[in-house]
Amino acid sequence: MTKDEIITFVGGLDGVLTLAPGPGDGSPELAWGDAFFYYSPDGVVPETGQPFATVVTKNYPGDEASGLDRPGAYRVNVAAGKETFVRWARRAPRDPALAGEDPGAVDTVIAHPVYGSLGWLAVVNPGPRTGEALRELLRTAYRLARSRHERRTPSEQGRD
């Protein structure tokens, strides 16, 4: 899966707002070239909450373990939720990393090297081993974000 295929897939889900920072849009230069996905059916960046998934193309300060400074490297990050995190990471989010976990492993579902304690999973350079799993993880994160949004948004019923 390419970065563009992932952006197209997630951006095609109903109600998703995709932010793709770049020069001239007021975003920090560090974020240029990355993508951030929010469930926002009104098309406005939510004032509270985080994206439910991101695609990052470089190391961020304090987040260098995946080695995204390698040519062509990128990482898909997914707010998977506790249950899905446990199934894939084989540990609870707040538990220490398992021996041998490699945050730079390619085409492997891993606990996010920084946000794993919050239930985030990640895949560096997704490929044939993780393509379908990643799509399902992204759909799960989307459903969780949509559900959170629906719980927080007052019902329009009875407002005539």
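Which residues does Leu 98 touch, not counting residues up to four places away in sequence? In this predicted model, Leu 98 touches Ala 89, Arg 90 and Arg 91 once residues up to four places away in sequence are set aside. The points below begin with Leu 98 and then turn to the sheet and the helices.

**Leu 98 and its loop**
- Leu 98 sits in the loop that links helix H2 (82-89) with strand E5 (109-111).
- With a relative accessible area of 28%, Leu 98 counts as partly exposed, because that class lies between the buried limit of under 20% and the exposed limit of over 50%.
- Although Leu 98 and Ala 111 are 13 residues apart in sequence, their C-alpha atoms lie 9.7 Å apart in space.

**The sheet**
- An open sheet is built from six strands in the order E1-E2-E3-E4-E6-E5, and their pairing is antiparallel.
- From one strand to the next, the twist averages 20°.
- The antiparallel pairing of E5 with strand E6 (residues 120-124) extends over three bridges, and Val 109 stands opposite Val 123 in E6.

**Helices against the sheet**
- Helix H2 lies across E5 and E6, and H2 runs at about 45° to E6.
- Helix H3 (residues 131-152) packs on the sheet, where H3 touches E1, strand E2 (35-39), strand E3 (53-56), strand E4 (75-79), E5 and E6, while the direction of H3 makes about 40° with that of E4.

Terms used
Residues are numbered from 1 along each chain as its sequence is written. This is a predicted model: local features need pLDDT of at least 70, side-chain atom pairs count only at pLDDT 80 or more; totals for chains, interfaces and linings use all residues. Side-chain values use heavy atoms; hydrogens and water are left out. Helices (H or I, at least four residues) and strands (E, at least two) are DSSP runs, numbered from the N terminus. Buried means under 20% relative accessible area, exposed over 50%, partly exposed in between (1.4 Å probe, protein chains only). Contact means heavy atoms within 4.5 Å. Two strands pair if DSSP finds at least two bridges between them. Axes are lines fitted to C-alpha atoms, for helices over the stretch in contact, and angles run from 0 to 180 degrees between N-to-C directions.
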